[in-house]
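Me: I would like to learn how to read a structure like this one. Please take me through it feature by feature.

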Amino acid sequence: MTSDPSSLLILNGKSAGDDTLREAVTLLRNEGIELHVRVTWEKGDAARYVAEAVELGVATVIAGGGDGTINEVATALVNAKAENVPALGILPLGTANDFATSTGVPETLDKALQLAIVGRAVPVDIARVNDQTCFINMATGGFGTRITTETPERMKAALGGVSYVIHGLMRMDTLKADSVEIRGENFSWQGDALVIGIGNGRQAGGGQQLCPSALINDGLLQIRIFTGDELLPALFTTLTRPEDSPNIVDGESAWFEVTSPHEITFNLDGEPLSGQHFRMEILPGALQCRLPPDCPLLR
C-alpha cells in the first residue's frame, strides 16, 4: 500500500478523541500511507480544509463524521475552483450515518478508511438548493424535519437513529401538516404534506427509507410526500405499511420547486434551511466518490 496517493481526513470535532480512530490512522501511517488529519471546530472549516487539500494535491478528501460532515465536505469539493479536484471518501462517525449506510460503506473504521483511500472513484450527483447550498443525500421537510432538528444531542449519542423515533413519539403534540405546492418535470402536486422527502440518496432520520428507489448517479431526484389527510391514520399507515398507504405520493425529476404560503424548513443532510420557496436541482456527476463496487445506489 506504500504506493497509494496521499489523502486528507477532515474529522468532525466530536470524534477527535476516538482512540480506535487514532489507532487506525497510526497503523496506516506506519504502513507508509500519507494521511493528513484536520479537525473541524466551526462552520466553514471544511471548505478551508478542502482548499488546503487542493493545494497539497491529495487524491482524496475523507469526510469523517455524520451526514452533515459528508455533505459539507462534498459541497466544498463541488465548489472548489481547481483543475484536479480530489475525490470524496467517507468515514461514518455520526449518529445515523444514513448516506454511508445506504451506499454500503463499511461500518468498521479500518475497512472504511481503506475504501476511502484505495477504492475506485466513481462520478456521483449532488443537489443544489436555491443556488446557495447543497445536499448529497436528502432534503426532508415537515414533521420529520422538526423532530430531527429538535432531538437532543445526548439522546442521539445514547440511542443512535432510534432516538429520532422516540423523540417523535414524545412530540406528537406538534404534529401538523404544511401547505405546499410542488412542481417538477412532469410532476405537479398541491396540498397538505405531513412529510416531504426529496432524495438523491434513499434514507434519512436514522434509517427511514423515504426514497427507496433513488440512485446517486442517474441525474434525477426522487420525491416522496406523506400527505396530511387524516393526520394520525396517515402517519401510522405510512410508517407500518407504506406500500398500502393512499397517503403517499411519489415522483422523480431533475429538479423540484417547493412553495408555501408560510415559512417551512427543510433539513439538508442535517443543515436546516427555512423559507417559502425552494428550488432543488441535480448536478449530474458533479464529484468523484470512492464507494464499494457493489454500492446499491449506483445504477
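Me: Is V58 buried or exposed?

Reply: Buried means under 20% relative accessible area, exposed over 50%, and partly exposed in between (1.4 Å probe, protein chains only). V58 has 6% relative accessibility, so V58 counts as buried. This is a predicted model, where local features need pLDDT of at least 70, side-chain atom pairs count only at pLDDT 80 or more, and totals for chains, interfaces and linings use all residues. Residues are numbered from 1 along each chain as its sequence is written, and side-chain values use heavy atoms, with hydrogens and water left out.

Me: Where is V58 placed, and what does V58 touch?

Reply: Helices (H or I, at least four residues) and strands (E, at least two) are DSSP runs, numbered from the N terminus. V58 sits in the loop between α2 (45-56) and β3 (60-65). Contact means heavy atoms within 4.5 Å. Not counting residues up to four places away in sequence, V58 touches S6, S7, L8, H36, A53 and P86. Take S6: 52 residues separate S6 from V58 along the chain, yet their C-alpha atoms are 5.1 Å apart.

Me: What does the whole chain look like in numbers?

Reply: The protein chain has nine helices and 15 strands. Of its 299 residues, 54% count as buried. Look at contacts between residues at least 6 apart in sequence: 71% of them join residues at least 24 apart. Accessible areas come from the Shrake-Rupley method with a 1.4 Å probe; for residues, only the protein chains shown count as cover. The chain exposes about 13,600 Å², and carbon and sulfur atoms supply 49% of that.

Me: Which residues touch the most other members of the largest nonpolar core?

Reply: In soluble globular proteins, nonpolar side chains tend to be buried together. A nonpolar core is a set of buried Ala, Val, Leu, Ile, Met, Phe, Trp, Tyr and Cys residues joined through side-chain atoms within 4.5 Å. Here the largest core has 48 residues, and V73, L88, L91 and L291 touch the most other members. Leaving aside neighbours within four places in sequence, L91 is in contact with L9, L21, I62, A63, G64, G65, L109, A112 and L113. Another core lies apart from it, with 25 residues, among them I198, L221, L268 and I282.

Me: How many salt bridges are there?

Reply: Side chains of opposite charge can pair when their charged atoms come close. The rule for a salt bridge is a side-chain nitrogen of Lys or Arg within 4 Å of a carboxyl oxygen of Asp or Glu. By this rule the count is seven. One of them joins R183 and E257, at 2.9 Å from N to O. R183 is in strand β8 (residues 178-184) and E257 in strand β14 (residues 255-268), so this pair ties together parts 74 residues apart in sequence. R183 is partly exposed at 36% relative accessible area, whereas E257 is buried at 17%.

Me: What else does E257 pair with?

Reply: R279 also forms a salt bridge with E257, with the closest N and O atoms 2.8 Å apart. R279 lies in strand β15 (residues 271-290) and E257 in β14, so the pair ties together parts 22 residues apart in sequence. R279 is partly exposed, with a relative accessible area of 25%. Salt bridges that share partners join R183, E257, R279 and E281 into one network.

Me: Which positions does UniProt mark as "binding site"?

Reply: UniProt positions are given in the numbering used here, feature names are shortened, and annotations may be inferred rather than shown by experiment. The unreviewed UniProt entry places this feature at L215, D218 and L220. L215 is in the loop between β11 (208-209) and β12. L215 counts as buried at 18% relative accessibility. D218 is in the loop between β11 and β12, and is buried at 16%. Beyond four places in sequence, D218 is in contact with D125 and R299.

Me: Where does pLDDT stay under 50?

Reply: pLDDT is the predictor's confidence in each residue, from 0 to 100. Where pLDDT is low, the predicted coordinates should not be read in detail. The chain averages 86, and 82% of the residues score at least 70. Over residues 151-170, pLDDT stays under 50, and the model has 30 contacts beyond four places in sequence for them.
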